[in-house]
Amino acid sequence: MYDKITPPETGSRITFLQGKPIVPDNPIIPFIRGDGTGIDIWPATQKVIDAAVSAAYSDKRQISWFKIYAGDEACDKYGTYQYLPEDTLTAIAEYGVAIKGPLTTPVGGGIRSLNVALRQINDLYACVRPCQYYPGTPSPHRHPEKLDVIIYRENTEDIYLGIEWPQGSELADKLISLLNNEFIPATPEHGKKQIRLDSGIGIKPISKTGSQRLVRRAIQNGLRLPKSKQMVTLVHKGNIMKYTEGAFRDWGYEVATTEFRSECVTEVESWILSNKEKNPDISLADNARAIEPGFNSLTPEKQAKIISQVEQVINDIWDSHGNGKWKEKVMVNDRIADSIFQQIQTRPDEYSILATMNLNGDYLSDAAAALVGGLGMGPGANIGDNCAIFEATHGTAPKHAGLDRVNPGSLILSGVMMLEYMGWQEAADLIKQGLGNAIASREVTYDLARMMTPPVE
């Protein structure tokens, strides 16, 4: 089955049932050391995970590590441009859960990004990035402790599908001509818009399938959180891109109000129910007026539409969600992308889970990580229905490789996510406790040491 690697002689496979891992007490877990500083941070991470599992479970549970290869290390073993050998893909598919250090984006070999390739090949549609503050970690924010969010970023669509054509190419020119001369004129809402002839062209596909499975997983996570954190916010730019980003929002609400109807309430629904609770005799029109500040200036048709929405909510969910019962549900709301970038800084404690498309999530997850200490403290996971890969979220930093000075926190915390995903919460909690104690006692790597006040020598 394998060309140049051999699985451990002891241990068992992790299997999946309806998207959930079935974990034996001695799972075989493939690991990719990573390029650059991977040679430093993976050994440290492995020691921490093994020590935590031993402390939590003694000899009742143990991980059998399976070394596999990607990136520069794979080329050394498999040959030039063999950045992602078939052995590695086979091992990840067979054993289901893997963890990896940072990988260099190849200059040659035809792969744009190894990280993206692993996500797309294994259909790891949910990029999950928790951002939580550990006391003592230096931060540019005045109150970083208020930020405790988990970002669910769609991993397979939007710009990550990578469908584009360069300016001046024959195919780009053909597509521009088709759009300018046929598609745009045939769409009245586009008016007289035209694409400049010297444009490069990229496609931004957002599907109902991709959107809803991401939101579904985000809501399932929300149901596991403490009641005060049970909120899922759909992040989008639907005010401009109505049929892609706006559709993401609409499809997300559809999941919440159909598949999770008994467990969820939308923000607008909560307003309608709350208005009726405060005034049982409130008319439908007055309730509509209360949830839409500009109601009186709307056309009669739009007013009627809002009144109909109010009536439908009361008829459909008053018995199940009214009289305050909605307060025990998962709250699902939505925010415009540029607004949420501001609000995670100005009102960070008002958000818990952010579900978003690829590009928005890319920016948002790094911005949130910066508030709680930077990418060195930012873990990540890429999760699908039959596979999960946990990874450091930062780059390879080759100039620091071999100096044993780079913060292993991102990869260690990704290991925490892996243990939590496996249901080994006790071991995960021990690592978080140890990491928090180390930071509080100022036993840190140079990236944190130089920003502490006073700096750690």
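This is a predicted model: local features need pLDDT of at least 70, side-chain atom pairs count only at pLDDT 80 or more; totals for chains, interfaces and linings use all residues.
Local features were taken at pLDDT of at least 70 and side-chain atom pairs at pLDDT 80 or more, whereas totals for chains, interfaces and linings use all residues. Residues are numbered from 1 along each chain as its sequence is written, and side-chain values use heavy atoms, with hydrogens and water left out.

An unreviewed UniProt entry lists Thr104, Asn407, Tyr446 and Arg450 under "binding site"; such annotations may be inferred rather than shown by experiment. These positions span 347 residues in sequence and their farthest two C-alpha atoms lie 26.2 Å apart, so they do not all gather at one spot. With a relative accessible area of 28%, Thr104 is partly exposed (buried is under 20%, exposed over 50%, partly exposed in between; 1.4 Å probe, protein chains only). Beyond its neighbours within four places in sequence, Thr104 contacts Asp35, Asp72, Leu114 and Thr396 (heavy atoms within 4.5 Å). Arg450 lies in the segment after α15 (446–449) and is exposed, at 57% relative accessibility.

Helices α6 (residues 208–224) and α7 (residues 245–258) pack at about 50°, with axes 9 Å apart; axes are lines fitted to C-alpha atoms over the stretch in contact, and angles run from 0 to 180 degrees between N-to-C directions. Helix α6 is therefore oblique to α7 (under 35 degrees is roughly parallel, over 145 roughly antiparallel, 65 to 115 roughly perpendicular, the rest oblique).

How values were computed: Helices (H or I, at least four residues) and strands (E, at least two) are DSSP runs, numbered from the N terminus.
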